[in-house]
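Morning, everyone. I have one model to go through today, and I will start with the ligand site and then move on to the chains.

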Amino acid sequence: MPVVSMTVNGNSVSGEVEGRTLLVQFLREHLRLTGTHVGCDTSQCGCCTVHIDGKGMKSCSVLALACNGSSITTIEGVAVDGKLHPMQQAFHEHHGLQCGFCTPGMIMSALDMVRRKGNDLDEHTVREQLEGNLCRCTGYHNIVKAIQAGAAAMKGDATPATQHD
Amino acid sequence: MYDFEYHRPANVEDALKLIGERGEAKLLAGGMSLLPSLKMRLARYSDLVDLGGIAELNGIRRDGNALVIGAMTPHAVVAASPEVNSTIPALASLANGIGDPLVRNRGTIGGSIANSDPAADYPAGVVGLGATIITNQREIEADEFFLGLFDTALAPREIITAVRFPIPRKAVYLKLRQQASRFAVVGVFVARMGNGARVAVTGAGPSVFRVKDAEAALARKFDASVVKGLQIKQDNLSSDIHASAEYRAHCTSVMIGRAVTAVS
Ligand SMILES: Cc1cc2nc3c(=O)[nH]c(=O)nc-3n(C[C@H](O)[C@H](O)[C@H](O)COP(=O)(O)OP(=O)(O)OC[C@H]3O[C@@H](n4cnc5c(N)ncnc54)[C@H](O)[C@@H]3O)c2cc1C
Ligand code: FES
Ligand code: FES
């Protein structure tokens with residue numbers, strides 16, 4: 001079986017995979033990084049969002065082997081030294097989740113949004129840019145608030161969008 | 001998904017060799033259309049040849065009065081490109097309306113047009129601007145490229161390397177989005193070229209098409225009044241869960257009028 005090697009949350013990892021092994025399967029089943037979720041079969045929900053070489057993508061629709069040599073950041077890699085990332089903290093403070101299933105994808109997508117759109121995000125921008133992430137619980141209202149607050153909090157924060165991107 | 005052997009060649013030549021040698025080999029670009037269909041076991045291939053490692057297929061450059069976009073350039077890169085925004089902003093906004101940001105970070109222009117989804121956005125821009133599809137073996141005019149539902153003029157072992165878009169005087173792309181998927185229920189691209197106008201429609205039928213009546217009227221006088229009440233034949237339009245052929249014909253006509261106003 002082919003071997004894939006990549007950097008995940010700053011650590012070099014490798015493993016034997018099949019051609020068809022998806023990045024999300026490699027993360028969850030081989031590396032046991034189960035924070036990245038699978039919420040659909042149609043590439044629409046965004047629960048599986050991770051950063052591949054600094055850009056937000058749906059890991060359920062990317063082959064593990066296509067990430068050979070890449071640098072991946074998952075939800076497990078955004079807190080620094082046990083301290084929540086400002087975006088995580090904002091979800092906590094603004095009650096941006098109910099069941100929490102969509103939350104890892106929401107946060108990884110929110111960080112990609114900050115990379116592309118900056119720290120001052122109006123409500124319309126956040127809603128529009130969240131098109132790739134579905135939440136079945138919250139009605140989005142508090143997610144939008146959390147992302148606006150998290151993006152603003154990141155302004156003064158020295159941490160880059162994520163430490164591993 | 002059925003298993004396959006994965007390859008990542010470093011240049012077009014090696015990619016061609018691989019798809020030539022392997023029985024049921026398939027090219028992989030961003031995978032945003034191909035992998036979902038493989039996950040549903042709608043197709044099965046012995047080998048996937050990933051174009052992602054071929055640097056020469058990626059990038060945007062100006063070539064005289066045209067813009068050349070490499071096949072592997074992601075939608076997000078086209079959307080954010082200063083070069084595209086300053087020459088053909090309609091194309092940047094088209095790319096910016098595809099799916100969602102995560103899809104745009106990975107999906108490519110080459111994959112989109114090779115796929116020829118009836119509701120895809122890029123075909124409207126490619127035909128609306130009269131672009132040229134450049135492959136490893138030839139150049140194909142947009143009007144000859146899209147043959148029908150998921151069907152193109154590409155030979156089985158032909159790789160799109162780039163698309164060359166002539167720079168119009170002005171152009172616009174309007175899309176009536178399917179609310180869940182963001183694909184086009186109807187998408188209208190109108191371009192004012194140096195030598196007349198082009199009107200291309202995606203989403204409404206099995207494949208992108210031009211509205212030559214509108215083009216002829218606009219060539220005489222470029223004004224929304226000449227396309228007012230334009231009748232679009234329903235015979236070849238799609239009727240499905242999203243919209244009837246009658247509704248699509250009506251929207252096409254109304255949207256052509258709005259697009260013409262926007263570029264007047
Ligand atoms: C949730 C979601 C929403 C989407 N919404 C939209 C939308 O609103 N509008 C829209 O237009 N699209 C939409 N798409 C599709 C998206 O734009 C895809 O990126 C695109 O259709 C295919 O590009 P790809 O690079 O991902 O190609 P792939 O999926 O890798 O390949 C598609 C096909 O093209 C062939 N191919 C790829 N590259 C080449 C090449 N260089 N030469 C020859 N053949 C090639 C492959 O063999 C395959 O048959 C959506 C996709 C998803 C998952
Ligand atoms: S699991 Fe739903 S988009 Fe990836
Ligand atoms: S919090 Fe339950 S799906 Fe979003």
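**A site shared between chains**

Ligand 1 is surrounded by residues from both chain A and chain B, so the two chains share the site. Keep in mind throughout that this is a predicted model. Its scores are ipTM 0.95 and pTM 0.96.

Which residues come nearest to ligand 1? The shell has 34 residues, and the nearest are B:L27, B:G31, B:M32, B:L34 and B:T108. Sorted by class, that shell holds 15 nonpolar, 14 polar and 5 charged residues.

On the nitrogen side, a nitrogen atom of ligand 1 is 2.9 Å from a backbone N or O atom of B:I160.

Now the secondary structure around the site. In chain B, β2, residues 25–28, and α7, residues 109–115, each put at least two residues into the shell. The largest share comes from α7(B), with 5 residues.

Next, the domains. The assignment for chain B gives domain 1, covering 1–55, and domain 2, covering 170–263. Taken over C-alpha atoms, the centres of the two domains of chain B are 34 Å apart.

On to the chains as a whole, beginning with chain B. Its average pLDDT is 96, and 100% of its residues score at least 70. Chain B has 11 helices and 14 strands. The C-alpha trace of chain B spans about 55 × 45 × 30 Å along its principal axes. Its radius of gyration is 18 Å, which agrees with the value near 18 Å for a compact globule of 264 residues.

Chain A comes to 5 helices and 5 strands. In sequence order, the pattern for chain A is β-β-α-β-β-β-α-α-α-α. Why call chain A as compact as a globular protein of its length? Because its radius of gyration, 15 Å, is close to the 15 Å that the globule rule gives for 165 residues. Along the principal axes, the C-alpha atoms of chain A fill a box of roughly 45 × 35 × 25 Å.

Notes:
Residues numbered from 1 in each chain as written. Chains lettered and ligands numbered in written order. Predicted model: local features only at pLDDT ≥ 70, side-chain atom pairs only at ≥ 80, totals over all residues. Heavy atoms only, no water. Near = heavy atom within 4 Å. Polar contact = N/O pair within 3.5 Å; in protein donor to acceptor, adjacent residues only side chain to side chain. Helix = DSSP H or I, 4+ residues; strand = E, 2+ residues; numbered from the N terminus. Nonpolar A, V, L, I, M, F, W, Y, C, P; charged D, E, K, R; others polar. pLDDT = per-residue confidence, 0-100. Rg over C-alpha atoms; globule rule 2.2 N^0.38 Å. Domains from an automatic or database assignment.
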